[in-house]
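Hello,

I am passing on the structure below for your files. My notes on what was found in it follow.

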Amino acid sequence: MAEWIYYADWLLATGHSPRGPLGWRERMGIWLKRRAMTISATRIRNRLAGSGLVHGAAVDLADIIDHAQPHLAPDHHGEAILTVGSACGKSRPAPAG
C-alpha cells in the first residue's frame, strides 16, 4: 500500500502523470506530504518492530523503479512497475561480506 502512495506522488512530482509538470507550489506540497509520511511511517515501524508484524525496511521507491526499468518504462502507469521492480529486487543475491 505504501509503495503505491509513494509511486503516485513520484508520478506527480516528476511530471509523469497525465496532468503534466507541476508548479513549484504543488511540488512543495508533495515534498511536505512525503516528509510527513516518512516521519509517521518511521515512528510506526519503530514501535511495531519488536512484534515481528512489520518488515523493518522502509519503501525505497527509486530502488524499486531501478529494478523494473530493464523490463518496463518508469512512466508505465500502474501497479505493474511496482510488482516487477519489487520481485526483481528480491531475486538478486545478497552482497557477500
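**Fold and findings**

The elements of the protein run α-α-α-α from the N terminus on. That comes to four helices and zero strands, where helices (H or I, at least four residues) and strands (E, at least two) are DSSP runs numbered from the N terminus.

This is a predicted model, in which local features need pLDDT of at least 70 and side-chain atom pairs count only at pLDDT 80 or more, while totals for chains, interfaces and linings use all residues. Residues are numbered from 1 along each chain as its sequence is written, and side-chain values use heavy atoms, with hydrogens and water left out.

Of the 97 residues in the protein, 20% are buried; buried means under 20% relative accessible area, exposed over 50%, and partly exposed in between (1.4 Å probe, protein chains only). The accessible surface, from the Shrake-Rupley method with a 1.4 Å probe and with only the protein chains shown counting as cover for residues, comes to about 6,900 Å², and 60% of that belongs to carbon and sulfur atoms. Taking contacts (heavy atoms within 4.5 Å) between residues at least 6 apart in sequence, 48% join residues at least 24 apart.

The largest nonpolar core has nine residues: Tyr-6, Tyr-7, Leu-11, Leu-61, Ile-64, Ile-65, Ala-68, Ile-81 and Leu-82. A core here is a set of buried Ala, Val, Leu, Ile, Met, Phe, Trp, Tyr and Cys residues joined through side-chain atoms within 4.5 Å. Helix 1 (2–14), helix 3 (61–68) and helix 4 (80–91) each supply at least two of its residues, and helix 3 gives the most, with four.

In helix 3, the residues Leu-61, Ile-64, Ile-65, His-67 and Ala-68 are buried. They lie on the same side of helix 3 because they cover an arc of only 160° around the axis, the arc being that of the directions from the helix axis to the C-beta atoms. Leu-82, leaving aside neighbours within four places in sequence, is in contact with Glu-3, Trp-4, Tyr-7, Leu-61 and Ile-64.

Trp-24, Met-28, Trp-31 and Leu-32 make a nonpolar surface patch of about 490 Å². Patches are made of residues with over 30% relative accessible area and no salt bridge, with like charges joined within 9 Å and nonpolar side chains (Val, Leu, Ile, Met, Phe, Trp, Tyr) within 5 Å; a salt bridge is a side-chain nitrogen of Lys or Arg within 4 Å of a carboxyl oxygen of Asp or Glu. Met-28 is found in helix 2 (residues 24–48) and is partly exposed, at 41% relative accessibility. Trp-31 is also in helix 2 and, at 48%, counts as partly exposed.

Regards
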